[in-house]
Amino acid sequence: MAKLAVKNLTIRFGEFVAVNNLSFEVKEGEIVGLLGPNGAGKTTTIRAIFGVIPYEGSIEFGGRQIDVSDRRKIGWMPQNSPLYLNLTVEENLRFFASIYGVERSKVEERVNELLKLVELEKFRKRLVKNLSGGMKQRLMLACSMVHDPELLVLDEPTAGVDPPLRRTFWEHFSRLNEEGKTILVTTHYMDEAENCQRLILMRNGTKIVEGKPDEIKRAALGGEVIELRTSNDVKSAKILEDMGYRVELNGVLHVIVDDAAISVPAVIEELKREGIAVFRAETKKLTLEDAFMRLIGG
Ligand SMILES: Nc1ncnc2c1ncn2[C@@H]1O[C@H](COP(=O)(O)OP(=O)(O)OP(=O)(O)O)[C@@H](O)[C@H]1O
């Protein structure tokens with residue numbers, strides 16, 4: 001079932017259309033990545049989900065139009081720190097617990113649990129202004145979860161975080177997901193996007209493609225890629241093209257096929273017949289970054 005369903009969302013700032021007829025769903029228990037270059041409209045979409053800007057279209061939570069009580073069931077980790085610099089780590093957590101309406105008797109237990117989860121127990125009495133950037137990010141994650149939300153919306157949660165800590169963050173997200181949390185996350189890091197079960201790629205306010213990471217890679221190319229090294233790549237490209245294969249020759253020879261496992265032996269055989277030696281033929285693993293560059297024309 002869709003936990004969150006964004007339908008025909010359009011958001012205007014004056015004449016400017018920041019989000020244009022965007023539809024997508026986040027199903028219960030999924031981690032979905034919302035990706036796109038700067039200005040694609042990711043944060044604006046999230047702001048609409050939280051009802052802080054006017055929008056056209058509809059946003060449903062749990063099968064019906066989202067309202068204030070639903071928004072209390074969502075945790076939001078925004079890009080800019082909402083933390084209070086002159087409060088300590090635990091005071092910030094208590095503050096967010098109070099505004100999210102966590103029952104008083106449960107606050108201390110929840111604070112302790114979260115400090116453990118984000119590994120900040122030792123720093124609970126430290127003023128936030130004296131924390132490192134990574135510690136602040138961890139505390140922001142904890143604050144966004146203080147009310148045990150059903151859906152977590154994380155807007156670039158690892159921006160400015162070093163690679164080891166990014167990995168730790170994703171371990172947290174995966175663990176939370178295994179425990180049943182539904183997560184919508186925006187990120188610029190393509191290696192992180194691979195951790196999502198489904199991705200939505202946006203550009204200029206519009207959805208360009210949606211699917212599992214592997215499906216998106218396939219969609220970007222229209223097939224799988226065989227990378228060849230032959231005794232004459234230029235001639236090989238011509239032969240294969242004449243035979244109807246899709247070929248790219250940019251320094252390396254790539255043949256795009258429906259199913260590489262089936263096509264590799266056939267391609268090698270054809271080239272051999274034309275007197276060309278094939279030194280190497282391997283199925284190339286396309287990265288998400290490659291796929292997105294193709295899809296957004298970068
Ligand atoms: N309040 C506003 N008034 C006018 N334009 C705005 C406003 N908020 C956002 N925009 C514009 O809407 C577009 C989408 O911005 P948004 O912040 O949603 O992009 P984004 O995909 O989150 O980018 P980034 O990765 O840089 O955070 C941008 O062109 C931005 O300048």
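The domain bounds on this tour come from an automatic or database domain assignment. Start by colouring the two domains: domain 1 covers 2-217 and domain 2 covers 222-297. Number residues from 1 along each chain, as its sequence is written. Keep in mind that this is a predicted model, where local features need pLDDT of at least 70, side-chain atom pairs count only at pLDDT 80 or more, and totals for chains, interfaces and linings use all residues.

Next, colour by pLDDT, the predictor's confidence in each residue, from 0 to 100. The protein averages 91, and 100% of its residues reach 70 or more. Helices here (H or I, at least four residues) and strands (E, at least two) are DSSP runs, numbered from the N terminus.

Now go to where the domains meet. Their centres, taken over C-alpha atoms, are 41 Å apart. Contact means that the C-beta atoms of two residues, placed from the backbone, lie within 7 Å. On that basis, 11 residues of domain 1 touch 8 residues of domain 2. Select α7 (190-193), β9 (198-203), β10 (206-211) and α8 (213-221): these elements each give two or more residues to the domain 1 side. The biggest giver is α8, with 3 residues.

Axes are lines fitted to C-alpha atoms, for helices over the stretch in contact, and angles run from 0 to 180 degrees between N-to-C directions. The α8 and α11 axes lie 9 Å apart at an angle of about 45°. The two helices are therefore oblique to each other (under 35 degrees counts as roughly parallel, over 145 as roughly antiparallel, 65 to 115 as roughly perpendicular, and the rest as oblique). Show side chains for Pro213, Ile216, Lys217, Ala220 and Leu221 of α8, which meet Leu288, Ala291, Arg294 and Leu295 of α11.

For the last stop, select α3 (residues 89-99) and α5 (residues 133-144). What angle do α3 and α5 pack at? It is about 25°, with the axes 9 Å apart, so α3 and α5 are roughly parallel to each other. Val89, Asn92, Leu93 and Phe96 of α3 make the contact with Leu139, Ala142 and Cys143 of α5.
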